[in-house]
Amino acid sequence: MNIDSITNGIVIDHIKAGKGMEIYKFLGLDAYECSVALIKNVPSKKMGKKDIIKIDSLLDIDLNALGYIDPNITINVIKNEVRTEKYHPELPERITNIIKCKNPRCITTTEQELPHIFKLTDKNGPVYRCLYCETKAQ
Amino acid sequence: MRSVIDILDLSVDEINSLIDTANDIIENPAKYQKACEGKKLASLFFEPSTRTRLSFEAAMYELGGHVLGFSEAQSSSAAKGESVSDTVKVVSYYADIIAMRHPKEGAPMVASFKSEVPIINAGDGGHNHPTQTLADLLTIKREKGGFDNLTVGLCGDLKFGRTVHSLILALSRYSNIKFVLISPDELRLPDYVKQEAKNGKIEFLETKSLEDVISTLDILYMTRVQRERFFNEADYIRLKDSYILTPEKLKTAKENLCIMHPLPRVNEISVAIDDDPRACYFKQAMYGKYMRMALILMLLGISVK
Ligand SMILES: [Zn+2]
């Protein structure tokens, strides 16, 4: 299978097979006008099978938050058909409105429109805790 | 805007300076009588805690300031569904500093994001209660002269008892502290608190028996073992007496042991011990007021010469 190469854009590679749609939704890619290709079950030497997302635009989106979902993902930034950056997303120090606090005693359960914020408290693990009540994210 | 939500919001230097101020207030109360003249403390108690509220209010009155507020959610805007953010935003136009107690964990932190004046967390559910820890620290300082080289026994509910967690984290910043954790298996200290305590470099000894270790302790911090923490009544009945301090168990303790308890006590310390010179828990409540005075002064940026 061939997808047109990108002039300016972002290729999210080495996504665990089957996780591509989750990342597509997580990044809210349905909301953008640009072409986006979600390719699943691509044969991979390293992984057996993998998913890839190609975005035909240099969108200003926070890709580091992907580190929370899967730190093994590779992000490639393409400018004028040349790859200018290649990196793994780092574990974000904070993640906002991605997961919800499950503690029934947490202020997030009653205070309206309060963002659900988790902070990285232990890189080995990794462990994220609710900013407000410090309950561990599951 | 500087607020105190967690005991670790205060550096060791700041805690030392609060202790110095509190000691000075104890020695020279007259000097501080007008320190907060014209200032107002709002005590926003979204859940009742008479002891803590009276301590804050007495603290402000002794500094010559005024107090306004409410003592339970029923009599406040919260009963009408107003958010913490909105309540605090409005109150911060009326007061110079806010002491806030709330049943929801994290509520004072949310308040501190919106407030125009400093927020002191006066307890958020079972989460943080930094001024209790300040009271504990002043008690230890006055009874023991310092924080280094102490063997600190913590007894009872070490799993859910947040005062214990905060005290461990605060004390683990000093040197050569040894903690002896005395609890039933069901109520052991969570591992993450141990890890957080100086990244696991602190020495912890765990035991189920108070009698086995009491002779080694410089401080014994008692907490309540609550019936509802147990899976079944039989376990509770079997265990509860092991974590009650009696004159009998004190026989082998050091002469200068300092017995502490955050209060209120139910039955975990026998009343017979109240007159023992080693009983410090009522003094601890008194010291809490002086540390709250020192904290109010610090957050308002008032220094008394
Ligand atoms: Zn929470």
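Me: How many disulfides does a search of the whole structure find over all chains?

Reply: The search finds zero disulfides over all chains. A disulfide here is a pair of cysteine sulfur atoms within 2.5 Å. This is a predicted model, where local features need pLDDT of at least 70, side-chain atom pairs count only at pLDDT 80 or more, and totals for chains, interfaces and linings use all residues. Residues are numbered from 1 along each chain as written, chains are lettered from A and ligands numbered from 1 in written order, and side-chain values use heavy atoms, without hydrogens and water.

Me: What makes Cys258(B) count as buried or exposed?

Reply: Its relative accessible area is 1%. Buried means under 20%, exposed over 50%, and partly exposed in between (1.4 Å probe, protein chains only). So Cys258(B) is buried. Cys130(A), also at 1%, counts as buried.

Me: How many aromatic pairs are there over all chains?

Reply: Five. Rings of Phe, Tyr and Trp (its six-membered ring) pair if their centres lie within 6.5 Å; planes under 30 degrees apart count as stacked, over 60 as edge-to-face and the rest as tilted.

Me: Why is the pair of Phe147(B) and Tyr174(B) called tilted?

Reply: The ring centres are 4.5 Å apart and the planes stand at 35°, so the pair is tilted. Phe147(B) and Tyr174(B) are both buried.

Me: What makes Arg129(A) lie over the face of Tyr192(B)?

Reply: The test asks for NZ of Lys or CZ of Arg within 6 Å of the ring centre and within 35 degrees of the ring normal. Arg129(A) is at 4.3 Å from the ring centre of Tyr192(B).
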